[in-house]
Amino acid sequence: MLIKEIKLESFRSYEFLEAPIHRGITLFYGDNGSGKSSIIESVYYSLTGKSFRTNDTNNLIKETKKQTQILLVFDEGKSV
C-alpha cells in the first residue's frame, strides 16, 4: 500500500503541511533544521505509535499548541 498524501497540523515545527506523494520516488530536501526528518517521523509515528527521536510524545506537538494531527492518505490498493 502506498501513501498518496501526508497532512500535518501542529506537528513539530509545522503549523500545517499538505504534501501530495506521487508514484515513483519522492524526495524531501532542504536546509538543516527545515523539517525533513519531521515528515518521516510523522509517518513512522502514525504507523507505529512511537517516535524514533523521543520517548516524550509532548515533544511532537508544536510549541504553544495542545494537540497535533497527522493524516496519511493511502492509495486504494493499486499495485506498484
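Is Lys7 buried, exposed or partly exposed? Lys7 counts as partly exposed, because its relative accessibility is 26%. Keep in mind that this is a predicted model.

## Lys7 and its two glutamates

Lys7 pairs up with Glu18 in a salt bridge, where the closest N and O atoms are 4.0 Å apart. Glu18 sits in strand β2 (residues 14-20) and Lys7 in strand β1, so this pair ties together parts that are 11 residues apart in sequence. Glu18 itself is partly exposed, with 45% relative accessible area.

Not counting residues up to four places away in sequence, Glu5 touches Glu18, Ala19, Pro20, Ile21, Leu71, Leu72 and Val73.

The structure holds 5 salt bridges. One of them joins Glu15 and Lys65 at 3.2 Å, N to O. That pair links distant parts of the chain: Glu15 is in strand β2 and Lys65 in the loop between α1 and β3 (69-74), 50 residues apart. Both ends are partly exposed, Glu15 at 42% relative accessibility and Lys65 at 36%.

Then there's Asp75 with Arg23, whose side chains meet in a salt bridge at 2.9 Å, N to O. Asp75 lies in the segment after β3 and Arg23 in the loop between β2 and α1, so the pair ties together parts that are 52 residues apart in sequence.

## A buried glutamate in the helix

Over in helix α1 we find Glu41, which is buried, its relative accessible area being 0%.

What else is in contact with Glu41, leaving aside its neighbours within four places in sequence? Besides Arg12 and Arg53, the list holds Phe11, Ser51, Phe52 and Leu60.

## The nonpolar patch

Phe52 turns up again at the surface, where Phe28, Ile40, Tyr44 and Phe52 form a nonpolar patch. Together these residues have about 370 Å² of accessible area. Tyr44 belongs to helix α1 (residues 36-48), and it counts as partly exposed at 36% relative accessibility.

Notes: Residues are numbered from 1 along each chain as its sequence is written. This is a predicted model: local features need pLDDT of at least 70, side-chain atom pairs count only at pLDDT 80 or more; totals for chains, interfaces and linings use all residues. Side-chain values use heavy atoms; hydrogens and water are left out. Contact means heavy atoms within 4.5 Å. Patches are made of residues with over 30% relative accessible area and no salt bridge: like charges are joined within 9 Å, nonpolar side chains (Val, Leu, Ile, Met, Phe, Trp, Tyr) within 5 Å. Accessible areas come from the Shrake-Rupley method with a 1.4 Å probe; for residues, only the protein chains shown count as cover. Helices (H or I, at least four residues) and strands (E, at least two) are DSSP runs, numbered from the N terminus. Buried means under 20% relative accessible area, exposed over 50%, partly exposed in between (1.4 Å probe, protein chains only).
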